[in-house]
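Trainee: I would like to go through this model with you, site by site. Where do we start?

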Amino acid sequence: MADFDLVIRGGTVGTASESFRADVGVTDGIITALGSNLGSGTREIDATGRLVLPGGIDAHCHLDQPSGDGSICADGFESGSRSAAAGGTTTILPFALQMKGGSLTEAVKDYHERADGKAVVDYAFHLIVTDPTAHVIGQELPSLIARGYTSFKIYMTYDDLKLNDRQILEVLALSRREGAMVMVHAENSDVISWLTDRLEQAGLTTPIYHAVSRPMPVEREATHRAISLSEIVDVPVLIVHVSGREAVQQIHTAQGRGLRVYAETCPQYLYLTEDDLAKPGFEGAKCLCSPPPRDKANQEVIWSGLRNGTFQVFSSDHAPFRFEDPAGKMLHGTDASFRYVPNGVPGLETRLPLLFNGISEGRIDLPTFVRVTATQPAQIYGLSPRKGSIAIGSDADIAIWDPERKVTIANADLHHAVDYTPYEGIEVTGWPVTTLVRGQVVSQEGETLQSPGYGTFLPCERPNPPLPEPSLAVR
Ligand code: DUC
Ligand code: ZN
Ligand code: ZN
């Protein structure tokens, strides 16, 4: 009788703080031993020359998310999770969206129906709160948080999603009382709409003008305001998809003042620039996302923020709209104003290789990679210690990497249902060859080996201690 169900033998294990040669022993889907010359496994994987890393947690992706404008997400839980697994990701956190005027509890029920029996990796849900009525704040959210939906995204822009400052304060105060985590999409809505109107009046409507309608002060101001509101309530906040220097400075300054401000960035802010939106014809729509990609100097600022710990989370913000599709980027045709082009780029499968390439190029080290792609997202969203680490007692969610493999990214090789990748033709060094979820191989050299439904729903813990209302005493 073997000592373990599985032994991954001879690899270099990478954690958030160090790397070391060790075998990994797995029993019942859990890591039960780490060490040299472990006993036998019923199955064995030879990881000689490979890196054995925690499977990635993609803490920001959009799958099968309903929208009000008629656009359709190309990926649901099946193709999305397959693509995630092929790219070394073992847990995904997409969003259950409350429609304005609708029930959040119903949104969660509907989203479970969309996910049930489909995923090949494990998943948790963030909520998107668009209508924080007294009932939502007083009843629905406390009950949902108790059931494991402990993080929610709020928007400062998009007419059908945005909250005003008072509503943001209500959500932040609820988050403090319940120990939840609020993620903020920080862009100034009125500035965007004013600039958009002026650009359209001047006939400037091609995709590049999306970037012109959202210059960096749009993000800087909203980031500053989101941080200020969270400071007033005295509650942690996380700024999602940070694109460049000005927002980074706001976050870095706040962190230096001791505020619990967390930040996320994404591959599009490391590899794309606004020149990509200026490509001829409608081609730029492939890279149209919000906030928009900036320039090379800003890419360097984002790399530096990953190195110095300003960012805790690296996510894809996978927003899967097909290009040649009247339900995708071409919703209103190729001559339509940028205003009507669905926002977002795909990235579930390419997220980790693009960041890993930063190790190969000497921009970041391996512990930083592990921290921002797995360990810290798990901690911040209440999935630790079960997820995000190679440690005894954690789920055996593991990506085995060939650190030397050179791959030229090509959409034809990816597993999502989108008809393009904005990273076509980029060569990266380092690729995940085997992805395991709870000790079972889900993806091997791009082949999916588990059936839809293998992935299970993960209720999240409260990431923060619940606290009483902030003091009203004279300061
Ligand atoms: N921006 C978002 O806020 N969400 C989806 C994609 C995008 O570009
Ligand atoms: Zn957003
Ligand atoms: Zn998003």
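Mentor: We start with a definition: Ala, Val, Leu, Ile, Met, Phe, Trp, Tyr, Cys and Pro count as nonpolar, Asp, Glu, Lys and Arg as charged, and the others, Gly among them, as polar. This is a predicted model, in which local features need pLDDT of at least 70 and side-chain atom pairs pLDDT 80 or more, while totals for chains, interfaces and linings use all residues. Residues are numbered from 1 along each chain as its sequence is written, chains are lettered from A and ligands numbered from 1 in the order in which they are written, and side-chain values use heavy atoms, with hydrogens and water left out.

Trainee: By class, which residues does the lining of the largest cavity have?

Mentor: On a 1 Å grid over the protein atoms alone, a cavity is a set of points where a 1.4 Å probe fits but cannot get out, and lining residues have an atom within 4 Å of a point. The lining here includes Ser-175, Arg-176, Val-235 and Asn-464. By class it divides into 5 nonpolar, 3 polar and 2 charged residues.

Trainee: What volume does the largest cavity have?

Mentor: Grid points are joined across faces, edges and corners, and a volume is the space filled by probe spheres set on the points. The whole structure holds 1 cavity of 30 Å³ or more. Its volume is about 50 Å³.

Trainee: Which element gives the most to the lining of the largest pocket?

Mentor: A pocket is an open set of points with protein on both sides within 12 Å along at least five of seven lines. The largest has a volume of about 1,100 Å³. Helices (H or I, at least four residues) and strands (E, at least two) are DSSP runs, numbered from the N terminus. β11 (151–155) and α5 (189–201) are the elements that give two or more residues to this lining, and the one giving the most, with 5 residues, is α5.

Trainee: Which residues lie nearest the centre of the largest pocket?

Mentor: The lining has 45 residues. They divide into 16 nonpolar, 19 polar and 10 charged. Nearest the centre lie Asp-69, Tyr-158, Asp-160, Leu-161 and Asn-343.

Trainee: Is Tyr-158 buried or partly exposed?

Mentor: Buried means under 20% relative accessible area, exposed over 50%, and partly exposed in between (1.4 Å probe, protein chains only). Tyr-158 is found in the loop between β11 and α4 (165–178). Its phi is positive, about 80°, although it is not a glycine. At 22% relative accessibility, Tyr-158 is partly exposed.

Trainee: Which residues coordinate the zinc ion (ligand 3)?

Mentor: Donors are N, O and S atoms within 2.8 Å of the metal (3.2 Å for Na, K and Ca); water is not among the atoms, so sites may look incomplete. The donors follow the spacing H-x1-H-x254-D along the chain. The zinc ion (ligand 2) is 3.8 Å from the zinc ion (ligand 3). At 2.0 to 2.1 Å, the donors are His-60 (NE2), His-62 (NE2) and Asp-317 (OD).

Trainee: What phi does Asp-317 have?

Mentor: Most residues other than glycine have a negative phi, and most peptide bonds are trans. Asp-317 is found in the loop between β15 (313–314) and α12 (351–360). It is buried, with a relative accessible area of 9%. Its phi is positive, about 50°.

Trainee: Why is the pair of Phe-323 and Tyr-420 edge-to-face?

Mentor: Rings of Phe, Tyr and Trp (its six-membered ring) pair if their centres lie within 6.5 Å; planes under 30 degrees apart count as stacked, over 60 as edge-to-face and the rest as tilted. Phe-323 is buried at 7% relative accessible area, and Tyr-420 is buried at 3%. The ring centres are 6.4 Å apart, and the pair is edge-to-face because the planes stand at 65°.

Trainee: Which charged end sits over the ring of Phe-323?

Mentor: A charge sits over a ring if NZ of Lys or CZ of Arg is within 6 Å of the ring centre and within 35 degrees of the ring normal. Elsewhere, Lys-153 lies over the face of Phe-95, at 5.6 Å from the ring centre. Over Phe-323, at 4.8 Å from the ring centre, sits the charged end of Lys-286.

Trainee: Which peptide bond has omega near 5°?

Mentor: A cis peptide bond joins Ser-290 and Pro-291, with omega about -10°. Pro-385 lies in the loop between α13 (366–380) and β16. The bond with omega near 5° is also cis, and runs from Ser-384 to Pro-385.
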